Amino acid sequence: MENLQIGGVSCRKLADEFGTPLNVYDENRIKYQARSAVSGFSSQQFDTEVVYASKAFSSAALFRMLGEEGIGFDVVSGGELYGVMKAGGDMSKVYFHGNNKSDEEISMALEAGVGYFVVDNVMEAGRLVEIAEKKQRETRALLRINPGISAHTHEYIMTAAPDSKFGIHIRDRKHIEEVIQKLSRSRYVKHSGFHSHIGSQIVEAESFEKALETMIGFLAELKADLGLDNMELSIGGGFGIRYLDTDKPVELGDMCARMIAAAERFTAEKNVSISKLITEPGRSMVGEAGYTVYTVGDMKTSGDKNYLFVDGGMSDNIRPALYDAEYTAVLADKADQTPEMTYCVAGKNCESGDVLIKQIRLPKAESGDLLVMKATGAYGYSMASNYNRLGRPAVVFAADGNSRLIIRRETYEDQYKLEV
Ligand code: LLP
């Protein structure tokens, strides 16, 4: 009987040792992604920086590993910033995002010495300048621009629609210049460039190349109109991953290399220079490296469906319910057997929409089998909840035949400890 391994450790062993549901990361896979991003995203013509979008999955063990690879961090809240600080991350490589940062968060980030604020709007620019003045703390700011590019992705994870809540639209010159003016008068906040992010789970490189062309064209306009040149440019994240065997995303390293080539080409064509190009992959850094190991419980037929119930569900992975996201899975002990049944994999949360996989062909399952869902490493744990008071799973890193617990399972006690 073949047993599926992750990082050289059998899923059965992982389940016995750490329990289920369990999030397992193949550590070497994350390292490979990190290294191919860093090596693909380098240029002779300008500086480059790869920044991990920590919203995809945040943990101190991961931050330390990525930090060692020279990667910076995108955070969108005081909570995410706190996590990077606790892990001893390099603050000069932190990019503080978010469309409604509180004064407390701005103060916290300035005190921590974050390298960059990604400013969303005019009011935020004003508050940032004021607080930095009061605290006499220096930082740099990129202004988030909505380039108005729409790529093929789910509406909830699409950010560059004309009426998006993020950034200032590229044609809204009045507000863009207002921000530039506010920042240019500051002694403490240096306006060093611009940022754009067009959406998430975008599998084709063309959308990103289009965004680069648009943003570099925009920089050329600002050079002509305002004399700004040699700015920093972040192109955000959003690189798609393989959830199903039929998905064909461009590999992260290749995607990064294509972005560099496009930036070099467009800056030459439009006669404008950039001092630094930044990218912020989240999902593509950790998504395919992550698996969720569930134990199969009861099974039943209801109408024309064969339900296979697992010991987790929408509380540890909201993506199928929220975005109609599709995943594939295998039975760990039967990975070499021929599929003979069609199952609907459902969780144990009290909601009809708590279905993880609507239809999947699997070998005949028995209670106690391990069902391993693939590519759950991004936006699974980070979007997990305690709905129905299910505790969040434990998280394990596995590599070269060894495994280590990086986040312990949430207990009942943990869940109720905030009550006063
Ligand atoms: N940079 C910015 C400014 C972003 O807003 C995001 C994602 C990223 C980088 C990283 O994007 P990634 O490389 O991970 O696609 N919860 C959704 C995804 C939301 C993404 C939000 N922003 C999901 O589960 O699909």
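Select the shell around the ligand: its residues divide into seven nonpolar, seven polar and six charged. Here Ala, Val, Leu, Ile, Met, Phe, Trp, Tyr, Cys and Pro count as nonpolar, Asp, Glu, Lys and Arg as charged, and the others, Gly among them, as polar. This is a predicted model: local features need pLDDT of at least 70, side-chain atom pairs pLDDT 80 or more, while totals for chains, interfaces and linings use all residues. Numbering runs from 1 along each chain as its sequence is written, and side-chain values use heavy atoms, without hydrogens and water.

The shell holds 20 residues, each with a heavy atom within 4 Å of the ligand. Pick out the closest: S200, E280, R283, R319 and Y379.

Next, show polar contacts (pairs of N or O atoms within 3.5 Å). For G282, the backbone-to-oxygen distance is 2.9 Å. At D74, a polar side-chain atom lies 3.4 Å from a ligand nitrogen. The protein buries 92% of the 580 Å² that the ligand exposes when taken alone (Shrake-Rupley areas, 1.4 Å probe).

Now turn to the cavities. A cavity is a set of points on a 1 Å grid over the protein atoms alone, where a 1.4 Å probe fits but cannot get out; lining residues have an atom within 4 Å of a point. Volume is the space filled by probe spheres set on the points, which are joined across faces, edges and corners. Two cavities reach 30 Å³ or more.

Select R29, Q33, F239 and E288, among the residues lining the largest cavity. Its volume is about 80 Å³. The lining has five nonpolar, three polar and four charged residues.

Finish at S196, H197, I198, F208, A211, L212 and I235, which line the second largest cavity. That cavity holds about 30 Å³. Its lining has five nonpolar, two polar and no charged residues.

Conventions
1 Å grid on protein atoms, 1.4 Å probe; cavity = no way out; pocket = protein on both sides within 12 Å on 5 of 7 lines; lining within 4 Å. Polar contact = N/O pair within 3.5 Å; in protein donor to acceptor, adjacent residues only side chain to side chain.
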